[in-house]
Amino acid sequence: MLHHLKHYQAILTVTIIVFGSLYLWIFKSEISEMIFHPENAHCSEAHMFQKITLDELIYPIGQSEVPQPQTLVQRRTDVLTVSPWLAPIVWQETFDPKVIDSIYQPLNITVATTVFAVGKYIQLLKQFLESAEKHYMLGYGVHYYVFTDQMDKVPQVALASGRSLTVLPVPSFSRWQEISLRRMEFIRKAIEDHIRHEAHFIFCTDVDMVFESRFGAEAFGELVATIHNGWYLTGRNELPYERRTASQAYVPKGQGDFYYGGALYGGHVDVVHRLTSTCEEQLSIDKQKSIEAAWQEESHLNRYFILHKPTKLLSPEYLWDKAKGPEKWLRVVRFATVLKNYKTLRPNV
Ligand code: UD2
């Protein structure tokens, strides 16, 4: 009897192992897409900085006096400074710019920055670039990539040493939605053709924005998302995710963390390449089905960030709306939307 039992147990164990392995093998791509692997962040980080020696990453002791971090003292208690998956949320006073710059500045980092100025939005490019030259990534290499349908109207803005600008042509569009829908595709292509060989990090931004204070290396991360200024108090079921199941951007009720802005996201060039090519694929499937997500590429981006948790979050300091009044917890505005008249700027209403 005991002998038979052992025999059945052995058969059962073998069956479980065989079918379990088969299941994992068949569904491994879906499973790995759904699960965030923080350890991958380090693999990719090592890959990105493979040319940098360990010596260069050592903090230069004695060259700068900075306050010691206090283990039991939280500098900001009025805002969330870390996400549930342990990604830091960057706010004023959560970092020391001197410490950040002493680590990153010696590494000769170049930051690609993409911005679209199509149709009448070209008018907004000058103030965007001028404000960036005052506040954005000072002390780092910056390469702007301006996507426009009017190469001859790109303004001449004096760039500091180590900073350059490339103009990339895109077609004119008759609907503003089309521009948002196609940005992922253009950025993905620019990464393959240029950026991959020219920069370490990339930030993708809107043009109807101005930099108002320091926006620097504290924003570096493998996959960086920005908390949208319009929805930080909203419950997840009311967030403006795409709710139609037919769209690839669909987010079911009960899911979601923050609502992120399409006006600023970034990270390591190879990681953002993966993001843009995935969103481009999803947008294209929607297009074939004649579905346009509620907030165009922003909806797809939001779904992507639910499946692939950002490793760093920028607070609304980095995506503020000037039309909103001051807030007690908002100690600095770094990057803000300009007031604009959609009727006169957009090709369609
Ligand atoms: C929101 C998002 C934006 C995008 C859009 C999706 C924020 C603060 N903004 O902005 O990132 O996801 O919704 O619909 O999260 N553009 C042109 N020419 C045009 C129209 C647009 O160049 O005729 C470019 C330009 O860079 C502009 C960007 O596309 O800044 C987004 O367009 P928008 O600013 O009109 O969109 P908006 O304000 O609805």
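Ala, Val, Leu, Ile, Met, Phe, Trp, Tyr, Cys and Pro are counted here as nonpolar, Asp, Glu, Lys and Arg as charged, and the others, Gly among them, as polar. By this scheme, the shell around the ligand holds 11 nonpolar, five polar and seven charged residues. The model is predicted: local features need pLDDT of at least 70, side-chain atom pairs count only at pLDDT 80 or more, and totals for chains, interfaces and linings use all residues. Residues are numbered from 1 along each chain as its sequence is written, and side-chain values use heavy atoms, with hydrogens and water left out.

The ligand is surrounded by 23 residues. A residue is near a molecule if one of its heavy atoms lies within 4 Å of it. Phe-116, Tyr-121, Asp-208, Gln-296 and Tyr-342 are the closest. Four elements each supply at least two residues of this shell: strand S2 (110–117), helix H5 (176–198), strand S8 (260–268) and helix H7 (296–307). Helices (H or I, at least four residues) and strands (E, at least two) are DSSP runs, numbered from the N terminus. H5 gives the largest share, four residues.

Phe-116 places a backbone N or O atom 2.6 Å from a ligand oxygen. A polar side-chain atom of Glu-298 lies 2.9 Å from an oxygen atom of the ligand. For Ala-263, a polar backbone atom is 3.1 Å from a ligand oxygen. Taken alone, the ligand exposes 730 Å², and the protein buries 95% of that. These areas come from the Shrake-Rupley method with a 1.4 Å probe; for residues, only the protein chains shown count as cover.

The ligand sits in the largest pocket. A pocket, on a 1 Å grid over the protein atoms alone, is an open set of points where a 1.4 Å probe fits, with protein on both sides within 12 Å along at least five of seven lines. A molecule sits in a pocket if more than half of its atoms lie within 2 Å of its grid points.

Helix H7 is mostly covered, with 11 of its 12 residues buried. Buried means under 20% relative accessible area, exposed over 50%, and partly exposed in between (1.4 Å probe, protein chains only). Among the buried residues of H7 are Glu-298, His-300 and Phe-305. Gln-296 also lies in H7. Its relative accessibility is 6%, so Gln-296 counts as buried. Gln-296 has a positive phi of about 45 degrees, although it is not a glycine.

Leu-86 likewise is not a glycine and has a positive phi, of about 70 degrees. Leu-86 lies in the loop between helix H2 (38–48) and strand S1 (89–90). At 70% relative accessibility, Leu-86 counts as exposed.

Val-90, in strand S1, is buried at 5% relative accessibility. The C-alpha atoms of Val-90 and Ser-315 are separated by 5.6 Å, although 225 residues apart along the chain. Leu-345 belongs to helix H8 (residues 342–345) and is buried at 7%.

Ser-277 lies in helix H6 (residues 269–288). At 18% relative accessibility, Ser-277 counts as buried. The side chain of Ser-277 reaches the backbone oxygen of Arg-274 at 3.4 Å.

Terms used
Polar contact = N/O pair within 3.5 Å; in protein donor to acceptor, adjacent residues only side chain to side chain. 1 Å grid on protein atoms, 1.4 Å probe; cavity = no way out; pocket = protein on both sides within 12 Å on 5 of 7 lines; lining within 4 Å.
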